[in-house]
Amino acid sequence: MSFLLLAPIGAPLFAAALAAVLGWRRLTATVTVLAALCILISAVTLGFNHGPGARFAIANLFRADALSITMLIVIGTVGTLATWASIGYIEAELTHGHTDAKGANLYGVLVPIFLAAMASAVLANNIGVMWVAIEATTVATAFLVGHRRTRAALEATWKYVVICSVGIALAFLGTVLLYFASLHAGASSGDALNIDVLLAHATRLDPAVTRLAAGLLLLGYGAKAGLVPFHTWLADAHSQAPAPVSALMSGVLLSVAFYALLRVKSVVDLAVGPGFLRTGLIIVGLLTLLIAASLLVVQTDFKRMLAYSSMENMGLVAVAAAAGTRLAIAALLLHVLAHGIAKTLVFLGSGQLQAAHESTRISDVTGVLARSRMIGITFAVGLAILLGLPPFAMFASELSISRALADAGLGWVLGAALLFVVIAFAALVRNGSRMLLGTPAAGSPAITVPGSVSAALVTGVILSLVLGLTVGPLLELFQTAATSLGGTP
Amino acid sequence: MTQATYNGVLNLAAGAFLLAAVLIVWRRELRSIVRLLAWQGVALAAIPLTEGIYQDDAALITVGVVVLLLRAVVLPLLLARAVGTEAHERRESTPLVNTTTSLLITAGLTVLAYAVTRPIIALDPSPATRAVPAAFAVILIAVFVMVSRRRALSQAVGFMMLDNGIAATAFLITAGVPLIVELGASLDVMFAVLVLGLLTGHMRRTFGGTDLDQLRELRG
């Protein structure tokens with residue numbers, strides 16, 4: 001079993017090494033796709049070979065339970081689609097002179113390192129190591145955000161690195177305080193930060209120190225997850241990064257940061273009661289929803305629109321985590337997976353639109369459905385998922401989150417969240433229909449879609465349909481994860 | 001080392017650590033700020049070294065030496081290289097908050113640090129833990145430096161100071177986090193500072209300067 005725990009980290013690292021030696025070429029890009037696929041296959045094998053309740057660990061360093069496996073499935077799925085599309089995307093960038101061989105090589109090395117860092121974060125047994133892995137994602141993605149080397153890309157990179165590094169530094173301070181509390185609760189210094197040890201000693205942690213730690217962890221990992229008050233980097237970075245990287249950052253990285261919050265929440269809830277982080281998550285979640293919804297209404301740039309939609313979804317996820325019941329957490333995990341695939345579809349589409357128009361203004365793009373069936377339909381499907389329309393999975397997850405909030409006696413939170421979601425819905429429908437429907441403006445450029453991008457898009461649509469029609473065996477995995485996080489039925 | 005010397009050295013280190021932060025708020029010259037940062041690194045490394053010698057712990061002494069190399073030599077050198085050659089780049093432009101007000105705010109933040117850290121001292125009232133407010137004060141001052149300075153490099157200095165403060169807290173309350181976490185964290189910080197240094201280079205070439213007020217293309 002230890003092979004299956006190491007493969008999700010080892011395979012992308014191998015791909016990165018190969019890309020570093022050979023440079024950007026079809027072969028190395030394909031190996032990266034296979035490495036991402038390897039993450040997915042390892043996760044599925046871990047999850048279903050031994051039942052979702054099983055736990056695996058090696059050398060006290062890595063462990064996988066239902067929650068880690070769920071996150072690995074998200075990383076693997078979006079990772080495979082995004083790296084697959086990268087092949088065509090980077091080749092097109094090279095032909096149009098938006099990047100040079102050096103830029104492509106860097107891209108080829110950094111993307112698999114980014115995947116490996118995310119896989120290590122969800123497999124780490126020690127919350128200190130988890131922190132190191134999440135900070136490593138910032139370092140790995142810094143130059144991916146600045147890939148185009150324009151003024152705007154540089155500005156986005158600077159804000160991204162500075163704000164996320166400060167945020168994540170606060171999370172480290174929180175981790176140190178938790179370590180201090182854990183030592184004083186009787187844990188031995190070597191394993192005081194291991195998740196199981198923390199859970200076992202949780203009831204004896206000093207409440208005052210744990211509260212201080214929890215506040216810092218919420219702020220810190222919240223920064224990486226795009227939550228208020230350190231959210232200002234998100235729209236800049238997600239709109240400037242190359243499309244496949246935007247898909248990875250929006251679809252996976254945000255939820256990996258939120259995974260870290262879920263992990264520490266299960267410990268903090270035992271130590272100081274569920275009320276403390278519930279209040280924090282409700283405040284942060286609702287404010288995030290408010291800001292995202294207001295900025296969606298006035299948005300004139302389609303990549304920024306998609307970024308704020310990610311913020312809106314993370315706000316909703318935070319509110320669901322505040323409810324904390326088994327139903328809420330299982331729904332949250334389904335939401336994260338469906339959102340990941342949907343964001344891949346729309347960001348990949350927006351990358352092709354940007355390449356065709358040399359612009360990301362909504363008003364520059366008209367009649368996409370009439371001009372390119374591939375981009376038009378897949379973009380529409382992605383938007384439909386994000387809007388929570390049936391038959392797609394976010395319909396079920398949003399419905400379940402609403403029910404869970406009502407059951408948990410958080411009716412007013414549900415009301416406020418629904419209001420913001422409806423505002424965001426209207427804004428997305430208005431902007432989306434402007435871009436997709438109608439007759440194309442005279443002189444609109446042709447939208448070209450490289451083969452690998454089409455393949456990734458079609459696969460993404462099929463996956464979304466399957467996930468919408470039947471959650472199947474994933475449901476049991478989500479429920480086991482929810483129970484292990486202390487979700488009461 | 002006797003108990004009294006141990007207490008004395010530890011308090012001296014914590015005091016020097018905080019003093020360096022206050023001086024960084026006071027000074028404008030980027031080169032002297034970087035030099036002060038190196039001295040802060042020395043004060044920081046003194047904490048694990050003192051504890052290591054007092055407790056006869058070889059691992060802790062090793063960590064102290066690594067910290068000394070990294071924070072007093074390597075990272076300040078990286079920053080000094082990024083300060084650049086142009087004369088007008090060497091000074092912080094007119095800050096958003098003037099020096100007198102900045103120093104008053106620093107005093108206020110130090111008081112706040114004492115209030116925030118009360119639960120930590122209550123849980124373990126040892127001599128080392130009693131020095132934690134100084135480390136917390138540096139963290140708060142660092143955040144203040146980051147929001148009130150306009151040169152890209154001053155923000156990088158603020159980030160390193162923030163990190164020094166967190167490392168000092170870790171050494172004071174727990175004699176350092178587990179080795180693997182310590183190594184990973186140091187490596188991450190080094191890469192982050194490296195990235196910031198490279199970015200200032202790119203920015204100077206693209207924008208002709210590193211005044212962050214020029215970063216205003218991305219809005220809404």
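This briefing covers the pocket and cavities of a predicted model. The largest pocket holds about 650 Å³ of space, and 12 cavities of 30 Å³ or more are present.

**Largest pocket**
- The lining of this pocket, about 650 Å³ in volume, comprises 25 residues, of which A:Ile113, A:Ala136, B:Leu187, B:Asp188 and B:Phe191 are the closest to the centre.
- At least two lining residues each come from helices H1 (2-22), H4 (101-123) and H5 (127-145) of chain A and from helix H9 (179-207) of chain B.
- H9(B) gives the most to this lining, with 8 residues.
- By class, the pocket lining has 22 nonpolar residues, 2 polar and 1 charged.

**Largest cavity**
- Helix H6 (151-184) of chain A and helices H8 (152-174) and H9 of chain B each supply at least two residues of the lining.
- The lining divides into 9 nonpolar, 1 polar and 3 charged residues.

**Second largest cavity**
- Residues lining this cavity include B:Trp26, B:Arg27, B:Arg28, B:Pro95, B:Phe144 and B:Arg149.
- Two or more lining residues come from each of helices H1 (3-26), H4 (99-116) and H7 (132-148) of chain B.
- H7(B) gives the most, with 3 residues.
- The lining contains 6 nonpolar, 3 polar and 3 charged residues.

Key
Residues are numbered from 1 along each chain as its sequence is written. Chains are lettered from A and ligands numbered from 1 in the order in which they are written. This is a predicted model: local features need pLDDT of at least 70, side-chain atom pairs count only at pLDDT 80 or more; totals for chains, interfaces and linings use all residues. Side-chain values use heavy atoms; hydrogens and water are left out. On a 1 Å grid over the protein atoms alone, a cavity is a set of points where a 1.4 Å probe fits but cannot get out, and a pocket is an open set with protein on both sides within 12 Å along at least five of seven lines; lining residues have an atom within 4 Å of a point. Grid points are joined across faces, edges and corners, and a volume is the space filled by probe spheres set on the points. Helices (H or I, at least four residues) and strands (E, at least two) are DSSP runs, numbered from the N terminus. Ala, Val, Leu, Ile, Met, Phe, Trp, Tyr, Cys and Pro count as nonpolar, Asp, Glu, Lys and Arg as charged, and the others, Gly among them, as polar.
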